[in-house]
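I set out to record what I looked up in this structure. The entries follow in the order in which I made them.

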Amino acid sequence: MPKCKFCGENITKFDKEICPFCGGKKPLEGNDTFTSDITQTINTVDKVKVNKFKERKKLVNALLCMFLGIFGADSIYLGKIKLGISRLLVSAIYISALFCLLYFMPTGLNLGFCLLISIGSIFLVYFAIGISYLFVDGKKDVNGVYLR
């Protein structure tokens with residue numbers, strides 16, 4: 001692209017009469033070349049910003065799922081906050097529903113036993129899921145980075 005002889009801005013070859021930047025008359029007069037070096041026309045970035053994501057481990061994710069999966073800690077560890085909160089809510093609803101079902105049944109189970117069964121059953125489910133996470137490859141975090 002040609003440059004204006006007054007202000008040095010890149011202009012098109014159709015701006016022969018007036019420079020659109022500085023208003024100078026006949027900005028191309030005296031310039032023989034209508035091309036310029038490409039490195040002069042591109043604004044380069046001094047420092048390239050590289051997004052470096054925190055590397056997350058498969059073992060930590062599996063252990064969090066095994067022991068704190070009821071609270072959604074493994075999803076929060078991967079950066080999936082909404083999924084972690086929804087798993088916490090689903091676990092709370094499941095525990096309370098199973099507790100009420102067992103406690104108000106005519107079998108006469110006591111309070112502690114009903115609570116143990118309801119929490120223990122979902123704990124076993126998340127424990128099994130956590131074990132399966134140890135053998136699953138290709139699990140990603142919220143940034144799309146694979147677990148190592």
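Entry 1. I looked up what the buried residues of helix 2 pack against, and found helix 3 (73–77), helix 4 and helix 5. Helix 2 spans residues 58–68, and its buried residues are K58, N61, A62, L64, C65 and M66. Helices here are DSSP runs (H or I, at least four residues), numbered from the N terminus. Buried means under 20% relative accessible area, exposed over 50%, and partly exposed in between, with a 1.4 Å probe and protein chains only.

Entry 2. I noted the basis of the values. The model is predicted: local features need pLDDT of at least 70, side-chain atom pairs count only at pLDDT 80 or more, and totals for chains, interfaces and linings use all residues. Residues are numbered from 1 along each chain as its sequence is written, and side-chain values use heavy atoms, with hydrogens and water left out.

Entry 3. I turned to the pair formed by helix 4 and helix 5. Helix 4 (residues 81–103) packs with helix 5 at an angle of about 145°, the axes being 9 Å apart. Axes are lines fitted to C-alpha atoms, for helices over the stretch in contact, and angles run from 0 to 180 degrees between N-to-C directions. The contact (heavy atoms within 4.5 Å) includes R87, S91 and Y94 of helix 4, and L111, C114 and Y126 among the residues of helix 5.

Entry 4. I then examined Y126, which lies in helix 5 (residues 111–135). Is Y126 buried or exposed? Y126 is buried, because its relative accessible area is 10%. Apart from residues up to four places away in sequence, Y126 touches C65, M66, G69, I70, R87 and S91.

Entry 5. I looked next at D141, in the segment after helix 5. D141 counts as buried, because its relative accessibility is 5%. The side chains of D141 and R56 are joined by a polar contact of 3.0 Å. A polar contact is a pair of N or O atoms within 3.5 Å; within protein, one must be able to donate a hydrogen and the other to accept it, and residues adjacent in sequence count only if both atoms are side-chain atoms. The D141 side chain also reaches the backbone nitrogen of V145 at 2.9 Å.

Entry 6. I ended with E17, in the segment before helix 1 (38–41). E17 counts as exposed, because its relative accessibility is 53%.

Definitions and conventions. Helices (H or I, at least four residues) and strands (E, at least two) are DSSP runs, numbered from the N terminus.
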